[in-house]
Amino acid sequence: MVTGAASGIGRAFAQKLAARGETIALWDLNEEGLAQTAASIPRARTHCVRVDVTDPASVEAAAKTTLETLGNVAHVIHCAGVLRVGPAASMPPADYDFMIRVNYLGSVHVSQGLLPQLRDADGGATFTFVASVAGLRGFPELAGYCASKFAVVGYAQALRGELEGTNVDVRVLCPPPGDTPMVQQLESLPPIYKLSRMFTADEIADAGLKGIEQRKWLMLVDVGSKALHRLGGVVPGLVDQIVRIATK
């Protein structure tokens, strides 16, 4: 099951899973985008559901209809997310609220709605949260987005601990900036984006699937993200300086 499947990284995951012969449930709020994704994988067995991840009742209904249509969900890749950028002190409160409701609470609702099915899955089950490198380090002009993705990473790690010893394995993918509709629609890019090239949705999905197969808990896509994350744990002051220079 792939959320956020109407475009971007979610669509790329769906296409790659379809090419492997998987049966896929596609969830998104955007019905037109869902139809376009389904049309791009005509030979795959798919089931499209319009769902609002900020609404627990909508998620519960989607989980029920998916179960009735395709059977038990065994693997989830949760890509649904939104992005707003701007200075922390002047970003509208509604933007902070929107990102928390979609990115963080949406992750909670989807996991709660699908965990009963994952627990009942034959063999191993996985739940992969798609967060961001912005969920591992705060960056200027991304305060609200970072906060929402930090929450996703923390929630995923806590859930992983609670599910230890069960058949459900929790993962988190933290990609760098992606050349996706979510980013393309921004009026201007945050200065920190100068630190990395824009990765395609296909590249991010490929890295995610590879990481899932290798049973990695925290999945990073590129060398730059891996280096920045490692440096942050050893010499955080150096990372501060790199960020400071990149955002001048």
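**Close-up views of a predicted model**

Threonine 37 is buried, with a relative accessible area of 0%. All views show a predicted model.

View A. Helix H2, which spans residues 31-39, holds threonine 37. Leaving aside residues up to four places away in sequence, threonine 37 is in contact with Ala5, Ala6, Ser7, Arg11, Ala14 and Leu26. The label "buried" applies because the value of 0% falls under the 20% cut-off.

**View B. The largest nonpolar core.** This core comprises 51 residues, and those touching the most other members are Met1, Trp27, Leu114, Leu118, Phe129 and Leu142. At least two of its residues come from each of strands S2 (24-28), S5 (125-130) and S6 (168-174), and likewise from each of helices H3 (56-70), H4 (93-120), H5 (143-162) and H9 (236-246). Another core, of 26 residues, lies apart from the largest one; Ala44, Cys79, Val130 and Ala201 are among its members. In soluble globular proteins, nonpolar side chains tend to be buried together.

**View C. Contacts of leucine 142.** When residues up to four places away in sequence are not counted, leucine 142 touches Leu83, Val85 and Gly86, as well as Pro190, Ile192 and Tyr193. Leucine 142 also belongs to the largest nonpolar core.

**View D. Crossing of helices H8 and H9.** The axes of H8 (residues 223-234) and H9 come within 6 Å and cross at roughly 130°; the two helices are therefore oblique to each other. Helix H8 contributes Leu228, Leu231, Gly232 and Val234 to the contact, and helix H9 contributes Pro236, Leu238 and Val239. By class, six residues of this contact are nonpolar, one is polar and none is charged.

Definitions and conventions:
Residues are numbered from 1 along each chain as its sequence is written. This is a predicted model: local features need pLDDT of at least 70, side-chain atom pairs count only at pLDDT 80 or more; totals for chains, interfaces and linings use all residues. Side-chain values use heavy atoms; hydrogens and water are left out. A nonpolar core is a set of buried Ala, Val, Leu, Ile, Met, Phe, Trp, Tyr and Cys residues joined through side-chain atoms within 4.5 Å. Buried means under 20% relative accessible area, exposed over 50%, partly exposed in between (1.4 Å probe, protein chains only). Helices (H or I, at least four residues) and strands (E, at least two) are DSSP runs, numbered from the N terminus. Contact means heavy atoms within 4.5 Å. Axes are lines fitted to C-alpha atoms, for helices over the stretch in contact, and angles run from 0 to 180 degrees between N-to-C directions. Angles under 35 degrees count as roughly parallel, over 145 as roughly antiparallel, 65 to 115 as roughly perpendicular and the rest as oblique. Ala, Val, Leu, Ile, Met, Phe, Trp, Tyr, Cys and Pro count as nonpolar, Asp, Glu, Lys and Arg as charged, and the others, Gly among them, as polar.
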